[in-house]
Amino acid sequence: MTLTLAEPPAIPTWRIELPTGLTLMNSNDRPTIRQRARLTKELRDAGKAAALKAKVPRLERAYITCYLHPTTRGRRDPGNWYPSAKAFLDGVVDAGVLADDDSTRVLGPDMRLGAIIKPRPQLVMVLTDLTQLSPEHLTLLNPLGAAA
């Protein structure tokens, strides 16, 4: 007996890459208010430019995964780069990809560790169109739903 599984439907996703030369913010850093504002603006502007370059269409709802590509092996907590991912996502919103990044439109960003790259670290964001997912798939991504 042979079991044949149906091919899962192709779910639209888009990849947006920040340039590798940017200084990324880490939750463990302690910049001054001015330094933080400058870095946030640089990442936000770069996120907007990268989203426009990637030609991501307008999305109603999206699941966001953000990959940190470090330059060396070693233990690290990708969640510590959330401040960079948030500024990046704000730039994606500025580009008009999403109306806002509130919980009614965005699931994530979920931080992941990506492959090692040289010479500078990089953030890459992957957007998945949630309107194309079945309710079962949405439950897998967000098992507690709005009750969480």
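Author: Let's start with one term: a residue is buried when its relative accessible area is under 20%. By that cut-off, 36% of the 148 residues of this protein count as buried. Please keep in mind as we go that the model is predicted.

Reader: Happy to. Which elements does the protein have, and in what pattern do they follow each other along the sequence?

Author: There are three helices and four strands. Along the sequence they follow the pattern β-α-β-α-β-β-α. As for the dimensions, the C-alpha atoms fill a box of roughly 60 × 35 × 35 Å along the principal axes.

Reader: How should I read the contacts: what share of those with a separation of 6 or more comes from residues 24 or more positions apart?

Author: That share is 86%. A case to look at is R120, in the loop between β3 and β4. Its C-alpha atom and that of L18 are separated by 11 Å, although the two residues are 102 residues apart along the chain. Leaving aside neighbours within four places in sequence, R120 is in contact with T20, G21, L22, T23 and T71.

Reader: Is R120 buried, partly exposed or exposed?

Author: R120 has a relative accessible area of 34%, so this residue is partly exposed.

Reader: On to the sheet. In what order do the strands lie?

Author: The general idea is that strands of a sheet pair through backbone hydrogen bonds, either parallel or antiparallel. Here four strands form an open sheet in the order β1-β4-β2-β3, with mixed pairing. The edge strands are β1 (13-17) and β3, each of which pairs on one side only. Ignoring direction, neighbouring strands of this sheet are turned by 20° against each other on average.

Reader: Which strands run antiparallel, and how many bridges join them?

Author: Going along the sheet from β1, five bridges join this strand to β4, and the two run antiparallel. Within β4, V124 stands opposite E17. Next, β4 and β2 pair over eight bridges, also in the antiparallel sense. There, Y63 has T128 of β4 as its bridge partner.

Reader: And which strands run parallel?

Author: Those are β2 and β3 (residues 106-113), joined by six bridges. To find the place in the model, look for Y67, whose bridge partner in β3 is R112.

Reader: How many residues of β2 and of β4 are buried?

Author: For β2 (residues 62-69), seven of the eight residues are buried, so this strand is largely enclosed by the rest of the structure. For β4, eight of the eight are buried, so β4 too is largely enclosed.

Reader: Which residues of β4 point one way, and which the other?

Author: Q122, V124, V126 and T128 point one way, while L123, M125, L127 and D129 point the other way; all of them are buried.

Reader: Let me pick T128 from that list. What does T128 touch?

Author: T128 belongs to β4 (residues 122-129). With 14% relative accessibility, T128 falls under the 20% cut-off and therefore counts as buried. Not counting residues up to four places away in sequence, T128 touches I11, P12, T13, R61, A62 and Y63.

Reader: At what angle do α1 and α2 cross?

Author: The axes of α1 (residues 33-54) and α2 (residues 82-94) cross at roughly 45° and come within 7 Å. The two helices are therefore oblique to each other. Their crossing is right-handed.

Reader: Which residues of α1 and α2 meet there?

Author: From α1 come R36, T40, L43, R44, G47, K48 and A51, and they meet P83, S84, A87, F88, D90, G91, V92 and D94 of α2. Sorted by class, this contact has six nonpolar, four polar and five charged residues.

Methods:
Residues are numbered from 1 along each chain as its sequence is written. This is a predicted model: local features need pLDDT of at least 70, side-chain atom pairs count only at pLDDT 80 or more; totals for chains, interfaces and linings use all residues. Side-chain values use heavy atoms; hydrogens and water are left out. Axes are lines fitted to C-alpha atoms, for helices over the stretch in contact, and angles run from 0 to 180 degrees between N-to-C directions. Angles under 35 degrees count as roughly parallel, over 145 as roughly antiparallel, 65 to 115 as roughly perpendicular and the rest as oblique. A crossing is left-handed if the near helix is turned anticlockwise from the far one by less than a right angle, and right-handed if clockwise. Contact means heavy atoms within 4.5 Å. Ala, Val, Leu, Ile, Met, Phe, Trp, Tyr, Cys and Pro count as nonpolar, Asp, Glu, Lys and Arg as charged, and the others, Gly among them, as polar. Buried means under 20% relative accessible area, exposed over 50%, partly exposed in between (1.4 Å probe, protein chains only). Two strands pair if DSSP finds at least two bridges between them.
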